[in-house]
Amino acid sequence: MIGTWQIFLASVIDTNDAGAQPPANGTTIVIGPDGVASIGGLTVKQADLELLLGFPLSLYVNKIDGKTVLYGLSFDRRVQGGNREVVGLAGGALDDNTISVEQFTSTQSPSAAEAVYVRSRYKLARVSNAIVLPANVSPQTAPATAAGLRDVLPPLFGR
């Protein structure tokens, strides 16, 4: 599983968002020996994401075992006037160069009774055995409006 992968055949399989889009085909995901290392060119280590967001994540899971990949994170900032956001994906190797993935994303604003969610399915195709990691992040590299995961990891939210 270690290497550089790209999303293809992405589709939405369940949602309550009329404008839902699947994750962006062609998005590069790098998997290192410790799990998912970067998505769309952005490092996704817990400390780096927390630095970009400016607050701690309430959940962070990042595991691989050679056959499966599990990645998930969430936070709840509704008390502070922000959103509750969740990203989770689970994938299984179909062969040495293909991983089948199912992903869940959701966002709930402080005033919303329910979260807006999207379940997507896609495949990852290996494009290289190399692990090319992005440089360490700093607050200056964050998008100007990085209030949440949707801003930091837009390829996974389909936006």
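Q: Is Tyr 117 buried, exposed or partly exposed?
A: Tyr 117 is partly exposed, as its relative accessible area is 22%. Here buried means under 20% relative accessible area, exposed means over 50%, and partly exposed is in between, with a 1.4 Å probe and protein chains only.

Q: Before we go on, what are these values based on?
A: This is a predicted model, where local features need pLDDT of at least 70 and side-chain atom pairs count only at pLDDT 80 or more, while totals for chains, interfaces and linings use all residues. Residues are numbered from 1 along each chain as its sequence is written, and side-chain values use heavy atoms, with hydrogens and water left out.

Q: OK, how many aromatic pairs are there?
A: The count comes to three. Rings of Phe, Tyr and Trp (its six-membered ring) pair if their centres lie within 6.5 Å; planes under 30 degrees apart are stacked, over 60 edge-to-face, and the rest tilted.

Q: What's the geometry for Phe 55 and Phe 75?
A: Those two are edge-to-face, with 4.8 Å centre to centre and 70° between the planes. Phe 55 sits in the loop between helix H1 (46-53) and strand E5 (59-64), and Phe 75 in strand E6, so to speak of distant parts of the chain: they are 20 residues apart. Helices (H or I, at least four residues) and strands (E, at least two) are DSSP runs, numbered from the N terminus. Both Phe 55 and Phe 75 are buried.

Q: And which pair does Tyr 117 belong to?
A: Tyr 117 forms a stacked pair with Phe 104, at 6.1 Å centre to centre and 20° between the planes. Phe 104 is in strand E8 (residues 98-108) and Tyr 117 in strand E9 (residues 116-128), so the pair ties together parts 13 residues apart in sequence. Phe 104 is partly exposed too, at 32% relative accessibility.

Q: Which residue lies over the face of Phe 55?
A: Arg 77 does, at 4.1 Å from the ring centre. The rule is NZ of Lys or CZ of Arg within 6 Å of the ring centre and within 35 degrees of the ring normal.

Q: What does its side chain make polar contacts with?
A: The Gln 108 side chain makes one with the side chain of Arg 78 at 3.2 Å and one with the side chain of Arg 84 at 2.8 Å. A polar contact is a pair of N or O atoms within 3.5 Å; within protein, one must be able to donate a hydrogen and the other to accept it, and residues adjacent in sequence count only if both atoms are side-chain atoms.

Q: Now the sheet: what's the strand order?
A: An open sheet of nine strands runs E4-E3-E2-E1-E9-E8-E7-E6-E5, with antiparallel pairing. Strands pair if DSSP finds at least two bridges between them. The edge strands are E4 (42-43) and E5, each pairing on one side only.

Q: How many bridges join E5 and E6?
A: Six, in the antiparallel sense. Val 61 has Gly 72 in E6 as its bridge partner.

Q: Last one: where is Asn 25?
A: Asn 25 is in the loop between strand E1 (3-15) and strand E2 (28-32). A polar atom of the Asn 25 side chain lies 3.1 Å from the backbone nitrogen of Ala 10.
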